[in-house]
Amino acid sequence: MKLKKILPLIPLLLSMPSSANSLEVLHWWTAPGEFEAQKVLKQALAKQGISWQDFAIVGSGGGSAMRVLQMRALSGNPPDAAQIKGPDIAEWAKIGMLKEVDNILNNKLWDKNIPDVVKQTITYQGHYMALPLNIHRVNWLWLNKAIFDQLKLSPPTTWNEFFSVADKIQAAGYIALSHGGTSWEDNLLFESVALSILGAEKYKRAFVEFDETVLTSSDMIDAFKLFKRLHQYVDKSMVGKDWEIASKMLTDKKAGMLFMGDWAKGLWHSSGKVANKDYLCVDVPESKNLFSYNIDSFVFFKKQHQNSDNLNTEILANTLLSEQLQHDFNIDKGSIPVRTDIDISDFDACSHKSFNDFKQSALVPSFSQNIATSSFLQSEMRKVISTYFKSDNLSAEQVTKQLALAIRAVSKK
Ligand code: GAL
């Protein structure tokens with residue numbers, strides 16, 4: 001259909017109320033793995049008589065989805081629910097657009113089986129404003145097992161070992177580091193490096209409290225220098241390509257290593273790839289006992305036209321947090337359940353590692369997945385970080401100053 005014909009229909013589409021038993025949900029789960037996980041959700045809801053209407057926006061980590069959501073909200077017709085995470089939850093709550101979800105789950109579940117960092121993330125002024133679904137670990141290093149076996153390499157535990165392994169993989173004709181090269185992925189890569197160099201306490205001072213002494217410190221300069229050294233190992237033709245392509249290159253034996261959150265594991269699971277057989281999951285070098293977390297959650301918008309939405313929300317909540325869904329969904333998604341009481345004995349070895357590490361590690365909110373920062377600040381940070389990664393002229397000292405300035409400007413500190 002021509003654009004001219006579609007344009008007049010847009011106001012009509014935007015003002016259409018969703019029907020009583022349908023739930024329009026904005027999300028960006030369009031990659032294999034994400035899609036399967038989402039199907040599990042849809043089917044579980046269908047059993048409860050709720051039809052999930054996709055409002056899916058493709059794109060790295062939801063950046064485009066957030067922009068589309070803002071337009072819908074401004075036009076007075078937000079979807080029923082949306083995948084909103086971290087401080088963005090409070091931003092939407094502040095302008096009065098979200099429903100509280102305090103009362104729709106039985107207290108036992110909230111109080112006993114949901115970790116404190118999750119509760120804090122979804123709370124605004126003492127009220128729960130979102131329903132959490134899972135916990136993803138962001139700071140993983142993934143290895144192609146066949147390449148490591150063939151070249152007789154051991155998983156690197158220090159950055160020195162990492163560079164020596166990367167050189168050997170490259171010399172053998174493989175891409176050493178699979179990396180999609182969107183600014184979202186550059187940001188994720190920098191986060192993993194920065195956490196390993198700074199450690200948990202300084203990471204939080206820098207990226208949660210925006211403490212300028214840490215943001216402009218020599219440690220931060222070192223983190224940027226190390227980050228830049230990784231650029232020589234990525235395939236430059238990948239610029240702009242999304243994480244799914246980079247993740248597939250790892251298990252297709254085109255590349256030896258990949259830094260990515262464990263949603264990549266969901267993608268591999270969907271194509272029959274198996275942990276410890278096709279790929280290995282290890283800590284980012286020098287990051288043992290450091291866990292950068294990402295929590296997927298859904299918020300619910302106050303709606304003008306619906307009368308039965310309370311019912312839908314309640315059913316949705318109880319379905320999302322049911323034992324069955326927590327189990328099935330998270331196997332497909334690559335994450336661990338957000339409930340600590342779920343039996344994960346048939347999850348794979350990487351999920352077991354994540355589950356144990358979550359209990360034993362220093363936990364830090366991921367800034368690249370906007371758990372530490374709003375998506376607005378995140379997008380400003382990633383412009384600075386990504387420009388530096390690809391530039392030949394900027395120094396680590398310069399980008400350190402630029403990042404601190406960008407954070408100061410947006411966080412109004
Ligand atoms: C993250 C999201 C994950 C995963 C990833 C890639 O922001 O929290 O669930 O889907 O984006 O799309």
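Numbering runs from 1 along each chain as its sequence is written. Because the model is predicted, local features need pLDDT of at least 70 and side-chain atom pairs count only at pLDDT 80 or more, while totals for chains, interfaces and linings use all residues, and side-chain values use heavy atoms, with hydrogens and water left out.

Next, show polar contacts (pairs of N or O atoms within 3.5 Å). Click on Glu 34: a polar atom of its side chain is 2.3 Å from a ligand oxygen. Lys 333 has a polar side-chain atom 2.6 Å from an oxygen of the ligand, and for Lys 85 the distance from a side-chain N or O atom to a ligand oxygen is 2.7 Å. How much of the ligand does the protein bury? Of the 310 Å² that the ligand exposes when taken alone, 99% is buried (Shrake-Rupley method, 1.4 Å probe).

Now colour the shell by class.

Then zoom out and colour by domain, with bounds from an automatic or database assignment. Domain 1 is 14–136 + 295–359, and domain 2 is 137–292 + 366–411. The domain centres, taken over C-alpha atoms, are 26 Å apart.

Last stop, the contacts between domains (heavy atoms within 4.5 Å): select 31 residues of domain 1 and the 32 residues of domain 2 that they touch.

How values were computed:
Polar contact = N/O pair within 3.5 Å; in protein donor to acceptor, adjacent residues only side chain to side chain.
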